Amino acid sequence: MAYNLLKGKKGIIFGALDENSIAWKTALRCHEEGAQLVLTNAPVALRMGEINKLATTVNAPVIGADVTSSDDLKKLFEESMKHFGGSIDFVLHSVGMSLNMRKGKSYTEIDYEWSKKTLDISAMSLHRVLRTAWDLDALTEGASVVALTYIAAQRVFPDYNEMADAKAMLESITRSFGYYYGVKKKVRVNTVSQSPTRTTAGSGVKGFDGFISYAEKMSPLGNASAEQCADYCVTLFSDLTKMVTMQNLFHDGGFSFTGVTEAVINQMEK
Ligand SMILES: NC(=O)c1ccc[n+]([C@@H]2O[C@H](COP(=O)([O-])OP(=O)(O)OC[C@H]3O[C@@H](n4cnc5c(N)ncnc54)[C@H](O)[C@@H]3O)[C@@H](O)[C@H]2O)c1
């Protein structure tokens, strides 16, 4: 059901790789709620071609940008403002990649060059996005920026590897830049900490199947789906959350504050 929550708003969505991506679902929901969009992803991801289907559905241009390149981001924001004929009201940062995870290195034997790349893509990129918007004065007063994160930033999930460090940094940048952008232009910056979700990035985590069913049993409401995450992002882009900023917001069916559940105890007693 649509509520016209984003009527007249203009947003950039990073990270729609395929129809499972959280960014893909969020783009669909934002479109349903009346927003105009620009879609972006790394040039290598665009070559897959999937994003063009989404672009047609939500009637949005696709502008390639590697989030580790300030030049690409500058071009993205300039072209987006040109397309919209004005400033940008919301941004979804839905980007993550762990090179050590991908290459099967465990946390105690990480390759530092790969780790630097992981931090650059998955965390420092949020700073780059905000800094680019800041330098170009690309965001509307009261605009909203949301980045996606995971609870491994606060608690240990061994196979999440160096992504845990990246997410801790992402959440810190959210607070720090959120402070400056709040003072300057009432821009809100928040992270949404999502349940494990079956996507390309999610499925890269070792033992993901066991892990997703454990999280399901450990959450009073069950795991939050990608569609529900998209709904939550819509509320954060809307005018209904104007005073929410610098927060890490758990969207996980209660997992983050649950010590144990009967379902898990029953499983242990078997
Ligand atoms: N899937 C989960 O279980 C889960 C849980 C919590 C948080 N998250 C976070 O949600 C976000 C989206 O991930 P997803 O699960 O939808 O998976 P996904 O694989 O669909 O999305 C990750 C995106 O990052 C993009 N990307 C990677 N390197 C890039 C670069 N250099 N420049 C630009 N884009 C780049 C990829 O092309 C892809 O579109 C990530 O930040 C992820 O860590 C995922």
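Biologist: By class, how many nonpolar, polar and charged residues does the shell around the ligand have?

Modeller: This is a predicted model, in which local features need pLDDT of at least 70 and side-chain atom pairs count only at pLDDT 80 or more, while totals for chains, interfaces and linings use all residues. Residues are numbered from 1 along each chain, as its sequence is written. Ala, Val, Leu, Ile, Met, Phe, Trp, Tyr, Cys and Pro count as nonpolar, Asp, Glu, Lys and Arg as charged, and the others, Gly among them, as polar. With these classes, the shell around the ligand has 13 nonpolar, twelve polar and one charged residues.

Biologist: Which residues around the ligand come nearest?

Modeller: A residue is near a molecule if its C-beta atom, placed from the backbone, lies within 6 Å of it. There are 26 residues around the ligand, and those that come nearest are Ser-21, Gly-96, Thr-199, Ala-201 and Gly-202.

Biologist: Which element gives the largest share of the shell around the ligand?

Modeller: Helices (H or I, at least four residues) and strands (E, at least two) are DSSP runs, numbered from the N terminus. Helix H1 (22–32), strand S4 and helix H8 (200–203) each supply at least two residues of this shell. The largest share, three residues, comes from H8.

Biologist: In what order do the six strands form the open sheet?

Modeller: Two strands pair if DSSP finds at least two bridges between them. Three bridges join S1 (residues 10–14) to S3, and the two run parallel, while five bridges join S3 to S4 (residues 139–149), again in a parallel arrangement. The pairing in the sheet is parallel, and the order of the strands is S2-S1-S3-S4-S5-S6.

Biologist: Which residue in S4 is the bridge partner of Val-91?

Modeller: Strand S3 (residues 88–93) is mostly covered, as six of its six residues are buried (a residue is buried if 20 or more other C-beta atoms, placed from the backbone, lie within 10 Å of its own, exposed if 12 or fewer, and partly exposed in between). Toward S4, Ile-88 stands opposite Leu-139, and the bridge partner of Val-91 is Val-145.

Biologist: Which residues in the largest nonpolar core touch the most other members?

Modeller: A nonpolar core is a set of buried Ala, Val, Leu, Ile, Met, Phe, Trp, Tyr and Cys residues joined through C-beta atoms within 7 Å. Two residues are in contact if their C-beta atoms, placed from the backbone, lie within 7 Å, and Ala-16 touches, not counting residues up to four places away in sequence, Trp-24, Ala-27 and Leu-39 among others. Of the 68 residues in this core, those touching the most other members are Ile-13, Ala-16, Ala-27, Leu-37, Leu-39 and Cys-233.

Biologist: Why does Asn-161 count as buried?

Modeller: Asn-161 lies in the loop between S4 and H7, and has a positive phi of about 55° although it is not a glycine. Asn-161 counts as buried because its C-beta neighbours inside 10 Å number 26.

Biologist: How many other C-beta atoms lie within 10 Å of Met-246?

Modeller: Met-246 has its place in the loop between helix H10 (226–237) and S6, and its phi, near 65°, is a positive value in a residue other than glycine. Met-246 is partly exposed, and the number of other C-beta atoms within 10 Å is 17.
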